[in-house]
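This report treats the charged pairs and the nonpolar packing of the model shown below.

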Amino acid sequence: MQSLFAFKGTESDDFKKDENFLFNSIDKMSDLYFAIMALLIEIQKKANSKLELSQKKLLATKEDKNPNRKFADNAVLEFISSNTMLKEIINKRKLNFWDLDFEYVDVIYKAIIDSELYKEYMSKGPSDLKEDKDFIIDIYSEIIAPNEKLFDYFEDKQLTWIDDLPVVNTAIVKKFSKLKLTKPETFLIPELYKDEDDKIFAKELLYKTLLNSSKFSEEISEKTTNWDAERLASLDGVLLQMALCEFQKFPSIPVKVTINEYLEIAKEYSTPKSSLFINGILDKIVKEYKSKNIHNKIGRGLME
């Protein structure tokens with residue numbers, strides 16, 4: 001959607017630059033994942049440095065000399081911090097910018113240790129892997145992921161990361177829930193695509209929408225005589241073109257799946273009336289296809 005909306009060329013252009021824009025944008029999602037992993041590594045470092053400083057106090061108490069290391073030694077944080085492959089990727093991509101922007105590490109660390117989750121976790125005795133996992137999942141879901149300062153920071157760092165955050169946050173929580181200490185280092189290195197077909201689909205949807213945009217626009221215009229022409233020049237027009245492309249060029253994708261996907265995208269990115277507009281136009285088009293017995297779907301992707 002973003003690539004098509006940004007497209008300024010014509011159907012006769014070389015689309016390689018648009019393809020590069022698309023895949024670079026997708027690649028940025030994995031950068032966000034690794035940046036968050038780097039943040040977790042820094043949070044554990046912060047916990048360790050705090051303990052070391054307390055032990056060096058001139059008037060150290062018994063508690064200072066023998067601190068509770070439960071958080072600093074959390075098995076999930078240890079698994080992340082000891083992963084050499086993960087750290088190599090973070091360093092290679094220069095995604096450990098937390099040394100310079102250390103105030104965000106401080107903000108998250110303070111939010112964690114001030115939380116009831118932390119106090120309850122630390123008050124219990126030695127933990128097993130399940131308790132350590134549950135704690136990290138809880139603080140990630142309730143403290144780190146919803147933190148507004150961190151959200152603003154990611155938005156300033158890379159604009160597209162705001163769209164990627166929900167997906168990446170979900171992926172991270174799933175990783176933690178499935179983590180076992182016997183897992184190889186590659187467990188924390190996610191695949192960006194489910195399989196090669198996913199990547200092929202992204203490219204084909206881009207190219208086929210671009211190559212047929214005039215035809216799709218003409219077809220849409222026939223169904224939108226009572227609508228403001230400006231709406232078709234906006235994001236709504238792009239979403240309608242993409243939906244028509246899936247209807248006509250991807251026979252294995254069910255019609256209902258396509259419609260539902262684009263209605264959800266419209267609700268998230270376009271105007272309050274967009275989903276109603278798009279639903280009405282797509283409904284007309286699908287009924288016409290059905291009456292003319294064209295663009296039929298295969299397998300479970302039937303028209304009805």
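## Salt bridges

The count comes to 19 salt bridges, each being a side-chain nitrogen of Lys or Arg within 4 Å of a carboxyl oxygen of Asp or Glu. The model is a predicted one, in which local features need pLDDT of at least 70 and side-chain atom pairs count only at pLDDT 80 or more, while totals for chains, interfaces and linings use all residues. Residues are numbered from 1 along each chain as its sequence is written, and side-chain values use heavy atoms, with hydrogens and water left out.

One of these salt bridges joins Glu-131 to Lys-70, at 2.9 Å from N to O. Glu-131 belongs to helix α8 (residues 129-144), whereas Lys-70 sits in the loop between α3 (62-65) and α4 (75-81), so the pair ties together parts that are 61 residues apart in sequence. Helices are DSSP runs (H or I, at least four residues), numbered from the N terminus. Lys-70 is buried, its relative accessible area being 10%; buried means under 20%, exposed over 50%, and partly exposed in between, with a 1.4 Å probe and protein chains only.

Lys-110 and Asp-114 form a salt bridge whose closest N and O atoms are 2.7 Å apart. Asp-114 is partly exposed, at 42% relative accessibility.

In the salt bridge between Lys-292 and Glu-288, the closest N and O atoms are 3.7 Å apart. Both residues lie in helix α16 (residues 274-292), 4 residues apart, or about one turn of the helix. Lys-292 is exposed, with 51% relative accessible area, and Glu-288 is partly exposed, with 24%. Through shared partners, salt bridges join Glu-222, Lys-223, Glu-288 and Lys-292 into one network.

## Nonpolar cores

In soluble globular proteins, nonpolar side chains tend to be buried together. A nonpolar core is here a set of buried Ala, Val, Leu, Ile, Met, Phe, Trp, Tyr and Cys residues joined through side-chain atoms within 4.5 Å. The largest such core has 52 residues, of which Met-37, Ile-43, Phe-71 and Ile-112 touch the most other members. Helices that each supply at least two residues include α2 (16-55), α6 (102-113) and α10 (161-178). The greatest contribution, 13 residues, is from α2.

Leaving aside neighbours within four places in sequence, Phe-71 is in contact (heavy atoms within 4.5 Å) with residues including Ile-43, Leu-77, Ile-112, Tyr-118 and Phe-135.
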